[in-house]
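Colleague: I would like to go through the labels on this model one by one. Tell me what each label rests on.

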Amino acid sequence: MINRDELVPIGRFKKPHGIKGEITFSFTNESFTSKECPFLICEIDGIFVPFRIENYRFISNSTAYVQLKNVDSDQEARILSHKEVYFPVKNIKEEIENDSFTWDSFIGFTLTDQRLGKIGRIVDVDETTVNILFIVERENEEILIPAAEEFIIRIDENQEELLVVLPEGLIE
């Protein structure tokens, strides 16, 4: 049996595509794109169920059409519509240990400063500027924090926490 603490959310199924069971998959974690991914996991009726991927094709850098084994019609795909998709934590850990993680991997993590404590939750990553920025939701506002390896002290995947030491005055 698969337990929740063994999984990390990597995206969400959207709506079926076509009539042969293909479904749109919007992913927030680059784990889906970085290696051959044999299966995806969804929670159905309180049980985590793995689905073997037969085929997929990217339609953007964060969306793909996925064909799952034994999902052969739009009615079967519709059952998975709008469900969160998970991936085993052990596969994510391998990427971080191999230094092949991406900044998007931290979406959903709590950003905590060593001096100031909890800053907020990382809700997005802005890569449109020269310096990559975390968009952090804090007390009903969004703040921008530089995403820089030299600020990171520890990555706690189980608690989904990113411990950093930010330069003084950055938050004020």
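Predicted model: local features only at pLDDT ≥ 70, side-chain atom pairs only at ≥ 80, totals over all residues.

Colleague: Why is Ser81 called buried?

Modeller: Its relative accessible area is 15%. Buried means under 20%, so Ser81 qualifies. Ser81 sits in the loop between helix H2 (74-80) and strand S6 (84-88).

Colleague: What is Ser81 in contact with, leaving aside its neighbours within four places in sequence?

Modeller: Phe13, Lys14, Lys15, Pro16 and Ile23. Contact here means heavy atoms within 4.5 Å.

Colleague: Pro16 is listed as a contact of Asp74. What stands opposite Pro16 in S2?

Modeller: Ile23. Four bridges join S1 to S2, and the two strands run antiparallel.

Colleague: How do you know that S1 and S2 count as paired?

Modeller: Pairing needs at least two bridges. S1 and S2 have four, so they pass. They form a hairpin with six residues between them. In the turn, Gly18 has a positive phi of about 80 degrees.

Colleague: What makes S2 and S5 a pair?

Modeller: Four bridges again, in the antiparallel sense. At least two are required, so S2 and S5 pair as well. Ile23 has Val66 as its bridge partner in S5.

Colleague: Why is S2 called mostly covered?

Modeller: Four of its five residues are buried.

Colleague: What about S7, S8 and S9? How many bridges join S7 to S8, and S8 to S9?

Modeller: Strand S7 (residues 110-113) and strand S8 (residues 117-126) share four. S8 and strand S9 (residues 133-138) share five. Both pairings are antiparallel. The threshold is at least two, so both count as pairs. Thr112 is partnered with Lys118 in S8, and Asp124 with Ile135 in S9. The S7 and S8 hairpin has three residues between its strands, while the S8 and S9 hairpin has six.

Colleague: Which residues touch the most other members of the largest nonpolar core?

Modeller: Phe13, Phe25, Leu40, Leu68 and Leu80, out of 19 residues. Elements giving two or more residues to this core are S1, strand S2 (23-27), strand S3 (39-44), strand S4 (47-58), strand S5 (63-68), H2 and S6. Another core lies apart from it, with 18 residues, among them Leu111, Val125, Ile145 and Leu162.

Colleague: What does Leu68 touch, not counting residues up to four places away in sequence?

Modeller: Phe13, Phe51, Arg52, Ile53, Glu54 and Leu80.

Colleague: Now the second largest pocket. How much space lies in it?

Modeller: About 200 Å³. It is lined by 15 residues, and the closest to its centre are Pro9, Ile10, Thr28, Glu84 and Ile107. Strand S1 (residues 7-16) gives the most to the lining, with five residues.

Colleague: What classes of residue make up that lining?

Modeller: Five nonpolar, six polar and four charged. Pro counts as nonpolar, so Pro9, one of the residues closest to the centre, falls in that class. Glu counts as charged, so Glu84 is charged.

Technical notes:
Residues numbered from 1 in each chain as written. Heavy atoms only, no water. 1 Å grid on protein atoms, 1.4 Å probe; cavity = no way out; pocket = protein on both sides within 12 Å on 5 of 7 lines; lining within 4 Å. Points joined across faces, edges and corners; volume = space filled by probe spheres on them. Buried < 20%, exposed > 50% of the residue type's maximum accessible area, 1.4 Å probe, protein only. Core = buried A, V, L, I, M, F, W, Y, C linked by side-chain atoms within 4.5 Å.
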